[in-house]
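Open the model in a viewer and keep the selection tool at hand. The stops below go from one selection to the next.

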Amino acid sequence: MGQDMVFLLYVFVLAMFAGYEVITKVPPILHTPLMSGANAISGVCLIGAMVVTGPTEVNLSTILGMIAVIMATINVVGGFMVTDRMLAMFKKE
Amino acid sequence: MDIPVYSLVAYLVAAVLFIIGLMRMSTPKTARGGNVLAATGMLIAIVITLLLKEVLNYTMILVGIAIGGIIGGVAARTVKMTAMPQMVGIYNGFGGGGSLLIAAAEFFRYANLTEGFTVQNSITIVITILIGCVTFSGSMIAFGKLQGLVKSRPVTYPMQNIWNLVIFIAILAMMIYLIVSPGNVPVFIALIAVSLVLGVLLVIPIGGADMPVVISLLNSYSGLAGCAAGFVLGNMFLIISGALVGAAGFILTRIMCKAMNRSLGNVMFGAFGAVVQTTGTAGEEGEKVVREATPEDVTTLLGYAKSVIFVPGYGMATSQAQHHVAELATLLEQRGTDVKYAIHPVAGRMPGHMNVLLAEANVPYDKLYDLDDINADFERTDVAVVIGANDVTNPSARNMTDSPLYGMPILNVDKAKSVVVIKRSLSPGFAGVDNPLFYMEKTMMFFRDGKQAIIEILDEIKNL
């Protein structure tokens, strides 16, 4: 396995720790918005889907890529919008 | 793929915006702005990706984005707050599905190239396929259970965990085969099929009330699937973002398990709640007396109480009673009563379910109290009103060592001066055990559907 792979593993491990530290403090009232917000961020596979759909010819790979683009965009748009809708409802007295 | 430096910097900016956005999710005041920051990060990443020189197929990409955007946008605007668990469930699945398709697309691309696969390609692709498939099919079953399309009680059969293990070993064998001799299409298709089956089998034995754990765990998997896709494509931005989601889901999973005093293994493989246990002997049953209340009884009790705590559960969600509960609370407050809400972390079907429903009904969030913040208040409270909650109020979790609930942190509803339980029948909760709270002398049982009960109380209280 190449060094670049190990380098990516470094990034992964450090990002997990960063995520853990950043998110630990979320209070229970925000648990659902956190999940739907995470849904939206997990739609980041849209970036990968776009790269896979990149070549101009239509073949099995680009068709699979386009379906991935649709799924990921549903997550991105739906996730951010529903999170915003929910957070708008949280009011203090 | 060679990504230009300015694009790499832009991806870094996007990743930082995700992290700051998530940091801002830690208080209700800053959360909305945090969400906007994260969305901005995503927009930057999308634009930068469109500008990459390898990305040329604008027709297919933009049509895909338009279709997905319309579906996502309409769903986000129209979904009912009571249906949020299903929505999160299906989105977890799309996250897994997207990553799975990326890995499949890369597999077929390499299969057609003369230079073929490197070991690195093969390993990252098969791992992404496994995580993506389990996340996708598992989430679809979770969605089905929450939507009522699939039986929500645990589905069990003999040697369940042994079968799962056999299937997992078969998957490992196929993965190794594809690493050693890559590009074999039939084995690759079989790997996808069997991994999808594993996702289904892992979620069907998990019951409805354990859904907060499953949804959180699948949330975590959907992030890890994105990470795995990032390894396939060698894209750091995907890896960082996926890891953030993976960590968020992992934290919620831990909080949910802790709130039930059960290990993740027990939730996943214990088929909890599959069998309704019969506790107590017939003699004991005979001695148990229940005090059944009329709407007048409850109203009189509430009308003269100085302090009331509402304890909502899944029953409030199913009967859509949140608006009526909020109306009752406002009326009581106008009469000078001190009103609070006690929310158990696993009440409902996903983390924070009750909070969202009550926020929708315009209940200010500073009236919603977490387990640790409210438990000491019950003994100073005149009336605790339980609406469609059961196991999370069961006092045997505190003192009956043989109860399946023993050790679970509960809301100390039984310490209140009086208790009103709104519930359709005496049937046991998800854990399948009887709740001694129902038979206490200070407890009034008001046998109704949640919403119907509150409507009847509202009718009475206006005449008080």
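**Stop 1: a helix pair in chain B**

The crossing of α6(B) and α7(B) is left-handed. This is a predicted model. To see the pair, select residues 160-180 of chain B for helix α6 and residues 185-203 of chain B for helix α7; the two pack at an angle of about 155°, with their axes 10 Å apart. Angles over 145 degrees count as roughly antiparallel, and α6(B) and α7(B) are therefore roughly antiparallel to each other.

Next, show the side chains in the contact. On α6(B) these are Asn164(B), Ile167(B), Phe168(B), Ala170(B), Ile171(B), Met174(B), Met175(B), Tyr177(B) and Leu178(B). On α7(B), the contact residues include Val187(B), Phe188(B), Ala190(B), Leu191(B), Val194(B) and Ser195(B). Coloured by class, the contact of α6(B) with α7(B) shows 17 nonpolar and 2 polar residues, and no charged residues.

**Stop 2: domains of chain B**

Colour chain B by domain: 1-78 is domain 1, 83-269 is domain 2 and 282-461 is domain 3. Between domain 2 and domain 3 of chain B, the C-alpha centres lie 37 Å apart. Their contact takes 17 residues from domain 2 of chain B and 12 residues from domain 3 of chain B.

On the domain 2 side, select α4 (84-112), α8 (211-233) and α9 (236-260) of chain B, the elements that give two or more residues to the side touching domain 3 of chain B. Of these, α9(B) gives the most, with 5 residues. By class, this side of domain 2 of chain B has 13 nonpolar and 4 polar residues, with no charged residues.

**Stop 3: a covered helix**

Select residues 353-360 of chain B. This is helix α15 of chain B, which is mostly covered, with 7 of its 8 residues buried. The buried residues in α15(B) are His353(B), Met354(B), Asn355(B), Val356(B), Leu357(B), Leu358(B) and Ala359(B). Following α15(B), pick Asn362(B), where phi is positive, near 65°.

**Stop 4: chain A against chain B**

Now show both chains. Their contact takes 79 residues from chain A and 97 residues from chain B. On chain A, the elements giving two or more residues to the side that touches chain B are α1 (3-23), α2 (31-42), α3 (45-52) and α4 (60-89). Which element gives the most to this side? It is α4(A), with 29 residues. The residues on this side of chain A divide into 50 nonpolar, 22 polar and 7 charged.

**Stop 5: α3 and α4 of chain A**

Stay with α3(A) and α4(A), whose axes come within 8 Å and cross at roughly 155°. That makes α3(A) roughly antiparallel to α4(A). The crossing of these two helices is left-handed.

For the contact, select Cys45(A), Leu46(A), Ala49(A), Met50(A) and Val52(A) on α3(A). The contact of α3(A) with α4(A) divides into 9 nonpolar, 3 polar and no charged residues.

**Stop 6: Val22(A)**

Finally, pick Val22(A), found in helix α1 of chain A. Is Val22(A) buried or exposed? Val22(A) counts as buried because 22 C-beta neighbours lie inside 10 Å, and the cut-off for buried is 20 or more. Leaving out residues up to four places away in sequence, Val22(A) touches Ile19(B), Leu22(B) and Met23(B). For a distance within chain A, select Leu87(A) as well: Val22(A) and Leu87(A) are 65 residues apart in sequence and 19 Å apart in space, C-alpha to C-alpha.

Note on methods
Residues are numbered from 1 along each chain as its sequence is written. Chains are lettered from A and ligands numbered from 1 in the order in which they are written. This is a predicted model: local features need pLDDT of at least 70, side-chain atom pairs count only at pLDDT 80 or more; totals for chains, interfaces and linings use all residues. Two residues are in contact if their C-beta atoms, placed from the backbone, lie within 7 Å. Helices (H or I, at least four residues) and strands (E, at least two) are DSSP runs, numbered from the N terminus. Ala, Val, Leu, Ile, Met, Phe, Trp, Tyr, Cys and Pro count as nonpolar, Asp, Glu, Lys and Arg as charged, and the others, Gly among them, as polar. Axes are lines fitted to C-alpha atoms, for helices over the stretch in contact, and angles run from 0 to 180 degrees between N-to-C directions. Angles under 35 degrees count as roughly parallel, over 145 as roughly antiparallel, 65 to 115 as roughly perpendicular and the rest as oblique. A crossing is left-handed if the near helix is turned anticlockwise from the far one by less than a right angle, and right-handed if clockwise. Domain bounds come from an automatic or database domain assignment. A residue is buried if 20 or more other C-beta atoms lie within 10 Å of its own, exposed if 12 or fewer, and partly exposed in between; C-beta atoms are placed from the backbone.
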